[in-house]
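Trainee: Could we go through this model together, starting with the ligand site?
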Amino acid sequence: MKIESKLVHAGDRKKAGDFIPVTTPIYTAASYFYDSMAQLDRVMGREEEGPSYARYDNPTNNALEELVNTLEGGGGTVACASGMSAMQLGVMTALLDRPKRIVAANVLYGATVSMLMKILEPFGIETRWVDICDFPAVEKAVAEAKPGLIIMETVSNPLLRVGAMDKIAQMAKSANVPLLVDNTFATPLLVRPLELGASIVIHSATKYMSGHGDVLGGVIVADNEYCGTIRTLSRTVGPVMSPFEAYLTMRGIKTMGLRVERQCQNACRIASWLASHPAIERVHFTGDPSHPDATTIARLFPKNLYGAMISFELKGGRAEVFRFMERLKMIVRATSLGDVHTMILYPAMASHRDLSPKHRARLGIHDGLVRISVGIEAPEDIITDLEQALQS
Ligand SMILES: Cc1ncc(COP(=O)(O)O)c(C=O)c1O
């Protein structure tokens, strides 16, 4: 099946007694009853498939996991309570029996940076930061640090840079270091990191996967080497998704192909409109032919589907950004992305708030930088709203 069909069919239609539900329902039970002790014993011993306790398995979550696993081409998938819990599980999985050192892209989602600096470092896990778009620098950092893990995002947040994931994954394989990719911005529709040689992929399912702004969730997908460990750790530590969120995420994924395609088309149109606006200093967009990583993007992304995130620098600073954002009428000012509605966020105040102003400036996250997640609305309406807010 092509990915558009997998989105709609994978994971569903599991036998539930005498009938088969067409779409997977929400199983709210915390534990499961079997007629015989012998069968329960087999289920508990994993000799027979079946749920026993909700921290170990849940049929709704299992259906979502099968769906995401099919999309990413994984060995196994675990649905998590949030994108950050998936990230934490990924780090624990990789470092369990490896050197407690990480090489990470120096521009990552703010909470990932905070986790590495403020939580893992005090636990003795050191991170060496590297410009992920400078392949020789990544190679050097891995050779010198001999890490137990490399972390990158397919598309960096919020400057939308794209590292050479294919080359990094091959280099990581020959150095015997797992590569963990946060694929939230790209979705498996655009890039499938495991196919390129990554070992672990995570998503904030809160974003494009669920797509409607009503879920907090994450998924972690691992290759054959790590899929057993993500499941074992998840069963022990328990960062599991609620079945209600799993149901909504699965429902969302069925239309992800249509949504993301439309969002990418809208983004191309809006990015070129923004680039010609006099109030805007600079536009960062993966579909821009003059993007600094255009060659890598052409290699990794399908033609004309370059993602639907745009960042742009407004002339002026914080005060101008606040005035512009308050004047928007349709575009939603809120902290998230990937939803059907267009959303706007001020990274210095939201995703990268916890970094010092100096750290932000070093990363190129200036005070005038705004990030838009383009939705599925009519592109004319998005442009009209931006125009009136920029004009007045
Ligand atoms: C790229 C990226 N990764 C991870 C996360 C964390 O996801 P969650 O908020 O679901 O924990 C986010 C959240 O915005 C994100 O943008």
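This is a predicted model: local features need pLDDT of at least 70, side-chain atom pairs count only at pLDDT 80 or more; totals for chains, interfaces and linings use all residues.

Trainee: Which residues come nearest to the ligand?
Mentor: Of the 14 residues around the ligand, those that come nearest are Gly83, Asp182, Ser204, Thr206 and Lys207, where being near means having a heavy atom within 4 Å of the molecule.

Trainee: And what does the side chain of Asp182 reach?
Mentor: An N or O atom in the Asp182 side chain is 2.6 Å from a nitrogen atom of the ligand, a polar contact being a pair of N or O atoms within 3.5 Å. On the oxygen side, a polar side-chain atom of Ser204 lies 2.8 Å from a ligand oxygen, and a polar backbone atom of Met84 is 2.9 Å from an oxygen atom of the ligand. The ligand taken alone exposes 390 Å², of which the protein buries 91%, with areas from the Shrake-Rupley method and a 1.4 Å probe.

Trainee: Switching topic, how much space lies in the largest pocket?
Mentor: About 760 Å³, where a pocket is an open set of points on a 1 Å grid over the protein atoms alone, with protein on both sides within 12 Å along at least five of seven lines, and lining residues have an atom within 4 Å of a point. The lining has 27 residues, and Glu49, Gly50, Pro51, Asp57 and Asn62 are the closest to the pocket's centre.

Trainee: Which element gives the largest share of that lining?
Mentor: Helix H3 does, with 6 residues; the elements giving two or more residues are H3 (59-72), strand S1 (76-80) and helix H10 (227-237), helices being DSSP runs of at least four residues and strands of at least two.

Trainee: What about Thr286, buried or exposed?
Mentor: Thr286 has 5% relative accessibility and therefore counts as buried, a class that means under 20%, with exposed over 50% and partly exposed in between. Thr286 sits in the loop between strand S8 (280-284) and helix H13 (294-300), and its side chain reaches the backbone oxygen of Tyr306 at 2.4 Å.

Trainee: Where is Gly75 found?
Mentor: Gly75 is in the loop between H3 and S1, and with a relative accessible area of 31% Gly75 is partly exposed.

Key:
Residues are numbered from 1 along each chain as its sequence is written. Side-chain values use heavy atoms; hydrogens and water are left out. A polar contact is a pair of N or O atoms within 3.5 Å; within protein, one must be able to donate a hydrogen and the other to accept it, and residues adjacent in sequence count only if both atoms are side-chain atoms. On a 1 Å grid over the protein atoms alone, a cavity is a set of points where a 1.4 Å probe fits but cannot get out, and a pocket is an open set with protein on both sides within 12 Å along at least five of seven lines; lining residues have an atom within 4 Å of a point. Grid points are joined across faces, edges and corners, and a volume is the space filled by probe spheres set on the points. Buried means under 20% relative accessible area, exposed over 50%, partly exposed in between (1.4 Å probe, protein chains only).
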